[in-house]
Amino acid sequence: MIRVAIAGLGNCASMLIQGIEYYRQKGENYYEGLITPVIGNYKITDIEIVAAFDVSKNKIGKDISEAIFEKPNITPKIVDVPKKGVKVVAGPVFDGVAQHMINVFNPTFDGKIENVVQELKDSKAEILINLLPVGSEVASRAYARASLEAGTAFINAIPVFIASDPTGEFPRLFKERNLPLAGDDIKGQIGATILHRTLTSLFRLRGVKVEETYQLNVGGNTDFLNMKTEERLYSKRISKTKAVTSTLDDEDYLEKEGKIRIGPSDFIPFLGNTKVAYIYVKGSGFAGMPIKIEASLEVDDKSNCAAVLVDVIRGVKLALDKGIGGPLVELSAFYFKHPPVQAKDDEEAYNWFKKFLSKVSNL
């Protein structure tokens with residue numbers, strides 16, 4: 001069993017918990033829809049959620065099987081989840097709730113980070129996943145420190161720079177304590193960033209210079225409502241932009257020329273958990289002739305996230321088993337938008353991930 005704790009029991013956590021139960025009920029040899037059926041000896045059915053933290057009064061104290069369907073969550077029920085005997089514990093707010101989200105999240109301000117550390121220890125959690133709202137910079141670092149204190153590995157699924165911390169502090173601390181660290185900012189199974197990177201990689205591969213590009217995303221869940229405030233998007237825009245520009249020969253050209261814009265653009269309530277991305281890439285090819293691509297992508301935002309998380313969880317557990325601490329560079333490059341080291345394209349990132357699995361398996 002892989003013992004997992006979650007910080008932020010929102011829509012992505014709901015799909016993750018339901019998804020694990022879905023595959024459990026289908027049988028341990030049912031793999032349809034998974035990116036990687038088996039990692040090491042671990043299957044999706046080996047994952048067990050043993051602790052959860054949230055700030056919403058609607059969820060605190062409830063069994064996670066019930067809390068994942070409480071407002072403001074809107075993830076539809078895809079499977080009946082039996083009671084797990086795991087009650088949601090109040091987490092600290094810090095900057096996790098934007099002013100315009102207070103009435104939406106209905107938070108309590110009683111949660112303390114010391115209680116998080118104790119719950120991680122009491123539940124014997126091996127891995128803590130950060131699924132707080134975008135913009136939770138202070139809160140994310142507090143949970144990362146709680147993870148260090150409790151002795152758990154850390155998966156940072158949101159755009160706060162922990163695994164790719166420019167100061168090097170968190171990579172150093174997790175390395176010193178021999179705890180795996182994966183991040184930052186989870187990719188989707190087939191998400192806007194994956195598609196955008198594929199298009200710009202194709203331009204580079206075929207000798208076409210990218211001259212301008214944008215990616216505009218809209219959706220109707222609390223993620224998009226939270227991101228209506230531009231100041232919460234600073235790290236998000238960096239993460240998504242660098243994920244695309246890293247595929248180009250001149251990584252800084254588009255930003256220096258002001259020819260790139262990527263990120264959430266609006267909240268459309270009736271879309272629910274559906275995310276719609278509009279991608280535009282314009283370049284010049286042979287003899288300077290123009291080439292332009294416009295594409296749209298429509299996905300269920302949260303299943304897209306959960307599909308990747310179940311792989312990352314198992315990869316991190318494998319690292320734990322083998323005594324590997326610090327940032328998991330190869331795994332992070334394939335599964336995250338802003339990893340410690342960016343691969344030039346997703347084929348290269350996938351090869352790095354395969355090397356990681358091979359290396360860890362041979363230890």
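Biologist: What covers the buried residues of α5?

Modeller: The cover includes β1 (2-7), β2 (47-54), α4 (113-123), β4 (127-130), β5 (153-156) and α6 (169-176). This is a predicted model, in which local features need pLDDT of at least 70, side-chain atom pairs count only at pLDDT 80 or more, and totals for chains, interfaces and linings use all residues. Residues are numbered from 1 along each chain as its sequence is written, and side-chain values use heavy atoms, with hydrogens and water left out.

Biologist: Which residues of α5 are called buried?

Modeller: Buried means under 20% relative accessible area, with a 1.4 Å probe and protein chains only. Among the residues of α5 in this class are Ala139, Tyr143 and Leu148.

Biologist: What makes α5 and α6 roughly parallel?

Modeller: Angles under 35 degrees count as roughly parallel. The two axes cross at roughly 15° and come within 10 Å, so α5 is roughly parallel to α6.

Biologist: Which residues make the contact?

Modeller: Contact means heavy atoms within 4.5 Å. Arg141, Ala144, Arg145, Ser147 and Leu148 of α5 meet Glu169, Phe170, Leu173 and Phe174 of α6.

Biologist: Why is the link of Cys12 and Cys305 called a disulfide?

Modeller: A disulfide is a pair of cysteine sulfur atoms within 2.5 Å. The S to S distance of Cys12 and Cys305 is 2.4 Å, so the pair qualifies under that definition. Cys12 lies in helix α1 (residues 11-26) and Cys305 in helix α11 (residues 301-321), 293 residues apart. Both Cys12 and Cys305 are buried.

Note on methods: Buried means under 20% relative accessible area, exposed over 50%, partly exposed in between (1.4 Å probe, protein chains only). Helices (H or I, at least four residues) and strands (E, at least two) are DSSP runs, numbered from the N terminus. Axes are lines fitted to C-alpha atoms, for helices over the stretch in contact, and angles run from 0 to 180 degrees between N-to-C directions. Angles under 35 degrees count as roughly parallel, over 145 as roughly antiparallel, 65 to 115 as roughly perpendicular and the rest as oblique.
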